[in-house]
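Try each task yourself before you read its solution.

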Amino acid sequence: QDLKRRLDYKAVMDYAKEEAESIGMKKGIEKGMEKGKEKREIEIAKSLILSKVDINTIMQSTGLSEKVIRELI
């Protein structure tokens, strides 16, 4: 019985570890995608700034705040 209990415990812990790693990977991928999207929005904003597009249009086009856009100018 003691051996069965230890094996069951190990199986539960192994499963929990696998689930935690899977969730961590998923969150890491999502965070990376968000950073990539924000980087792309900033690149677009810089291009629009160079093209003399007004701040309101840049805000609507990129979803960036006025503060972020003004920091790029």
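A residue counts as buried when its relative accessible area is under 20%, and as exposed when that area is over 50%. Keep in mind that this is a predicted model.

**Exercise 1.** Work out the overall build of the protein.

*Solution.* Start with the secondary structure: there are three helices and zero strands, and along the sequence they give the pattern α-α-α. Next, take the box around the C-alpha atoms, which comes to roughly 75 × 15 × 15 Å along the principal axes. Then check the radius of gyration: the protein has 24 Å, whereas a compact globule of 73 residues would have one near 11 Å. Finally, apply the cut-off from above: 10% of the 73 residues count as buried.

**Exercise 2.** Describe the surface and the charges.

*Solution.* The protein exposes about 6500 Å², and 57% of that comes from carbon and sulfur atoms. Now for the charges: the protein has 16 positive and 14 negative ones, and their mean positions are 3 Å apart.

**Exercise 3.** Decide whether Thr-62 is buried or exposed, then find its partners.

*Solution.* First, locate Thr-62: it sits in helix H2, which covers residues 55-62. Its relative accessible area is 6%, so Thr-62 is buried. Second, look at the polar atoms. The Thr-62 side chain reaches the backbone oxygen of Ile-58 at 2.7 Å, and a polar atom of that side chain lies 3.1 Å from the backbone nitrogen of Leu-64. Third, set aside neighbours within four places in sequence: Thr-62 is then in contact with Glu-41, Ile-44, Ala-45 and Ile-69.

Definitions and conventions
Residues numbered from 1 in each chain as written. Predicted model: local features only at pLDDT ≥ 70, side-chain atom pairs only at ≥ 80, totals over all residues. Heavy atoms only, no water. Helix = DSSP H or I, 4+ residues; strand = E, 2+ residues; numbered from the N terminus. Buried < 20%, exposed > 50% of the residue type's maximum accessible area, 1.4 Å probe, protein only. Polar contact = N/O pair within 3.5 Å; in protein donor to acceptor, adjacent residues only side chain to side chain. Contact = heavy atoms within 4.5 Å. Rg over C-alpha atoms; globule rule 2.2 N^0.38 Å. Areas by Shrake-Rupley, 256 points an atom, 1.4 Å probe, with all protein chains shown as cover. Lys, Arg positive; Asp, Glu negative; His and termini not counted. Charge placed at Lys NZ, Arg CZ, Asp CG, Glu CD.
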